[in-house]
Amino acid sequence: MTNISMQTGITDELAPELGVTQWIDASGHPLATFGLDKMPGAFKVIYCFQDANAACHLTGFPAMASLVDAFRGSSYVSFAAVQTVFENFASNNYERMVAAQRRYALPIVFGHDAGEGREGAGSVLMQRYQNGGTPWFIIVDPDGMVIYNQFQIDVDRVVAGLKRAESAPPLTKPDPSILTWRGVLELTRDGNPPPHRRLELSDAEWRRRLNAEQYRVMRQAGTERAHSSAMCTLFGPGVYACGCCDTDLFDASSKFDSKSGWPSFTQTLAPGLVAYHADRSHGMTRVETTCNVCDAHLGHVFPDGPKPSGLRFCMNGASLRKR
Ligand SMILES: [Zn+2]
């Protein structure tokens, strides 16, 4: 049976490459390679289907045809359709993908992705985007972030939103010196720059230098109780340094009242002071922050902070020292 799920796939993450190896161009001719980098639009819409799945023909293809129609003649949004096969491998084959392109006369690139061709090892795209089934729609924004990844799509709303974006004046280029969520995710994926110095001490030495709470938070990635730090309500000028190695990390001018119960900052003092790591504990994917000099656990960073960085460094007061 078709796995129809209302859950969403990955969102607010950098769009992974599609991982699809078989493509045909808008006229049905085989393409050697294709991928997100070859889609010219500011926004990219990818429709995932299986030809033997009735819902894909009842709702998915008509929705996709309306989206493509709405942007005919515009290069602002580009489209691709991929047969992401996870069941009925014999029916959902390459030929049926080619036939689907002809049947709907969709002037867009089509792909076929059956992975290794067996249950549990089907579509590579689905594994990367964590799709819940077919029909499925993915939208990637001009920053290369996945902003939509769901079973259903409200065509009128999506078209209205994209038309608004298309007619809006171009945004001023973001200041490249300000770290944003995209930059955080790239560091998480590609690795952090080497620090200007390193401090590595034995576990016994850290235990000697730190009190029990500091040791638990900074050396064992613990979290202090919400609202337990006096730093939450401290907004005077100064600098916040790492509680383990005294490296200056945040200026008080970047501190703001997040009301989260933990001291919060919008940016670090300089690049390379804080390191970023994917944290998949507690059933969530979050970004852990550590001191890049001594690896002290500081807290996490979230994409819901104030402009211009849009970041919220949610820190443990126990990890910081103010001066
Ligand atoms: Zn440190």
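Mentor: Let us begin at the end of helix H7, where the residue that follows, Ala221, has a positive phi near 55°. Helices here are DSSP runs of H or I with at least four residues, strands are DSSP runs of E with at least two, and both are numbered from the N terminus. Residues are numbered from 1 along each chain as its sequence is written. What you see is a predicted model, in which local features need pLDDT of at least 70 and side-chain atom pairs count only at pLDDT 80 or more, while totals for chains, interfaces and linings use all residues.

Helix H7 itself covers residues 212-220, and its buried residues are Gln214, Val217 and Met218. A residue counts as buried if 20 or more other C-beta atoms lie within 10 Å of its own, as exposed if 12 or fewer do, and as partly exposed in between, with C-beta atoms placed from the backbone. Ala212 and Gln220 are exposed, and they sit on the face of H7 turned away from its buried side. The cover over the buried residues of H7 includes strand E14 (297-302).

The domain assignment gives domain 1 (22-167) and domain 2 (181-322), with bounds that come from an automatic or database domain assignment. The centres of the two domains, taken over C-alpha atoms, are separated by 40 Å. The protein chain has 7 helices and 16 strands, and of its 323 residues 37% count as buried. Its C-alpha trace spans about 70 × 45 × 35 Å along its principal axes.

An open sheet of 7 strands with mixed pairing runs in the order E2-E1-E5-E4-E3-E6-E7, where two strands pair if DSSP finds at least two bridges between them. Strand E2 (30-31) and strand E7 (146-150) are its edges, each pairing on one side only. Strand E4 (residues 77-84) pairs with strand E5 (residues 109-113) in the parallel sense over 5 bridges, and Val82 has Gly111 in E5 as its bridge partner.

A nonpolar core is a set of buried Ala, Val, Leu, Ile, Met, Phe, Trp, Tyr and Cys residues joined through C-beta atoms within 7 Å. The largest such core has 45 residues, and among those that touch the most other members are Val45, Tyr47 and Val82. Elements giving two or more residues to this core include E3, H1, E4 and helix H4 (155-167), and E3 gives the most, with 6 residues. A second, separate core of 30 residues includes Cys232, Cys245, Ala296 and Phe313.

Returning to Val45, and leaving aside its neighbours within four places in sequence, Val45 is in contact with Leu67, Val77, Phe79, Phe137 and Ile139, where contact asks that the C-beta atoms, placed from the backbone, lie within 7 Å. Over the protein chain, residues 24 or more positions apart account for 68% of the contacts with a separation of 6 or more.

Notes: Contact = placed C-beta atoms within 7 Å.
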